[in-house]
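Dear colleague,

Please find the structure below, handed over for your reading. My notes on it follow directly after.

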Amino acid sequence: MPDTNIIGLSIFALYFVIIAVIGVVAARFQHSTDDFWVAGRRFGLVILIIANMAAILNGGALISGAGYAAKFGGVAILPFLGFAVGMAIIFFWIAKKLRQYGGITLPDYMGDRFDSNILRAWSAFIVAFSSIIVLIAQIRGMAYVLESLLSIPFFWGLVLGTVIFVGYVALGGLLAVVWTNIAQFVFVWVGLIVLAPAIYDQIGGWQDMLTKIEIVAPGWTSLKGLGWSWSYLISWHIVWAVAYCTRVELVTKMYAARDHKVARYSLPFTVLLVIVFLLYGNFYLGAAARILVWDNISSPDQAFPLLVTQYLTPIVAAFVLTGIASAAMSTTDSLLLMSGSAIAHDFVRRTLHEPNGVVKDEQYYLRISRWSIVVIGIIAFIGAIPNIALLLRIVSFAVAIVGTCFFFPLLFGLNFRWVTPAGALASSVGGVSLTVVWIIASMSGADWAKAFHPGLPGLIVSCILIVVVSARTQPVKRDTITRFFGASR
Amino acid sequence: MNTDLILGLETGPFWLLIGAPVVVITVMFLYIIRIRAEKDE
């Protein structure tokens, strides 16, 4: 066995032991579904910031983010303005009321606010479906890294990564997810920091990088990047703003905060840290990948792992790649939890059992929760086996579907009494349907569909429908209005 | 080099991509100062 393999294996084994111990210990704290899905609602500010960052800085954001920037230009990094605006929308109009309402999932909110099991089931389906799509992308990213790190075939990287994160999520729920996020956070930061001097030696500082990348790829630093239209650029920002304030794994973290103030305080800190992180992790390293390794790869997703293995000593490379694999896991585990909760909590408990008078104890639902996580892990694993290029493009379509499903029912439904169940349903189903049609047209190569990100037309229709249909239909019962808005004025 | 730099300090787009989010973050922090004094309902 070569030395690099042994070093990679040793560092990853260390990481694996830490994560496994966390999973087992966290399992001892799971007594109810509230413990399992929202960690007993006990998170303080620092923990919540780390949990938020882990939900955003996923393997896709690092691996595909650098690859995407390398391919399309610096403009293709996570759109900071759209991201900051999205988080500000959660901060001002969503976090406080959502935390005070105190549900467990977003379908919980949809079902309770609009007094509708149809909306609950529909939104649980969208959460499960989109989470599995993003999960597949994340697992593939993780497997690429494990392939480089451990010198094992891609398939076995897939098996190993999936077994690890399905194991600790099924055992310890959100508590295990957040504890492991902290360990993963340390690995990611240390990994990226040790990478900096090696890349600096190759391409120099910020201005040197800008000069070199323009020689290699003219137009890379322009505002439109390599081949984006203005309309696509603007819609990319709008869609990401909406995508961030409806990002299920992020918004549901608000439920786990100690109180609504902690939920809100965590958001600006999260934005600040993510922007600093990605200016280096996507923009600078994306340019480095384009300058240094672009001719040696067949898929943009390979750019980052190759950069690391080519320019670092084996021991440092192993640390960086373990950090990136852990970043992939730190989002994957949240997504797995979300899709598990959509099935176990929203479908089985709230849609099938409770409305029909079926009574089961907490231990039963805890068992169902764990099994649903194992089953979804297996489905995502099977889905990740075929090769799908450009993970971030697929992810951006999946998040657009979630955005059009939840954005207006969440934003308007939490802030205005006049939103009706029929209005919310029409908005959600209409917006998602148009987005899906646009995605299919865009991927089939229709020129008209490529002018905008598919989420934008869906959002416009969703907004029109919620206003028009709500104006013509009956509101929810007075009790429900009182629960969300207090006694009537 | 392209004059239309994304992160070149001297150009407008820099402020759009980095400056504008910083303004948004600052507004959130200022609002936190205000709500810190609020009593829980």
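Predicted model: local features only at pLDDT ≥ 70, side-chain atom pairs only at ≥ 80, totals over all residues.

Two rings of Phe, Tyr or Trp (for Trp, its six-membered ring) are taken as a pair if their centres lie within 6.5 Å; planes under 30 degrees apart count as stacked, over 60 as edge-to-face, and the rest as tilted. By this rule there are 28 aromatic pairs over all chains. One of them is the edge-to-face pair of Phe83(A) and Tyr244(A), with 4.9 Å from centre to centre and 70 degrees between the planes. This pair links distant parts of the chain, since Phe83(A) belongs to helix H5 (residues 80-101) of chain A and Tyr244(A) to helix H10 (residues 230-245) of chain A, 161 residues apart.

Residues are numbered from 1 along each chain as its sequence is written, chains are lettered from A and ligands numbered from 1 in the order in which they are written, and side-chain values use heavy atoms, with hydrogens and water left out. Helices (H or I, at least four residues) and strands (E, at least two) are DSSP runs, numbered from the N terminus.

Both Phe83(A) and Tyr244(A) are buried, a term that stands for under 20% relative accessible area, with exposed for over 50% and partly exposed for values in between (1.4 Å probe, protein chains only). H10(A) is largely enclosed by the rest of the structure, because 12 of its 16 residues are buried. Among these buried residues are Trp236(A), His237(A), Trp240(A) and Tyr244(A). The expected span of a helix is 1.5 Å times one less than its number of residues.

Ring pairs join Tyr101(A), Tyr109(A), Phe114(A), Tyr255(A) and Phe484(A) into a cluster. A charge is said to sit over a ring if NZ of Lys or CZ of Arg is within 6 Å of the ring centre and within 35 degrees of the ring normal. Arg264(A) lies in this way over the face of Phe91(A), 5.4 Å from the ring centre, and the charged end of Arg349(A) sits over the ring of Tyr365(A), at 4.3 Å from its centre.

Next comes helix H7 (residues 117-150) of chain A. Its 34 residues reach 47 Å from the first C-alpha to the last, close to the 50 Å expected. What lies at the two ends of H7(A)? At the start, a side-chain oxygen of Ser116(A) comes to within 3.3 Å of the backbone nitrogen of Ile118(A). Just after H7(A), Ser151(A) has a positive phi of about 50 degrees.

Most residues other than glycine have a negative phi. Ser151(A) lies in the loop between H7 and helix H8 (154-203) of chain A and is partly exposed at 44% relative accessibility. Asp115(A) also has a positive phi, near 50 degrees. Asp115(A) is placed in the loop between helix H6 (106-113) and H7 of chain A and, at 41% relative accessibility, counts as partly exposed.

On a 1 Å grid over the protein atoms alone, a cavity is a set of points where a 1.4 Å probe fits but cannot get out, and lining residues have an atom within 4 Å of a point. Grid points are joined across faces, edges and corners, and a volume is the space filled by probe spheres set on the points. The structure holds five cavities of 30 Å³ or more, and the second largest cavity has about 110 Å³ of space. Its lining consists of 13 residues, of which Val134(A), Arg247(A), Glu249(A), Val399(A) and Val402(A) lie nearest the centre. H7, helix H11 (248-251) and helix H16 (391-415) of chain A each supply at least two lining residues, and H16(A) gives the most, with four.

Finally, Gly191(A) is in helix H8 of chain A and is buried, with a relative accessible area of 0%. Gly191(A) and Leu321(A) are 130 residues apart in sequence and 7.2 Å apart in space, C-alpha to C-alpha.

With kind regards

Note on methods: Polar contact = N/O pair within 3.5 Å; in protein donor to acceptor, adjacent residues only side chain to side chain. 1 Å grid on protein atoms, 1.4 Å probe; cavity = no way out; pocket = protein on both sides within 12 Å on 5 of 7 lines; lining within 4 Å.
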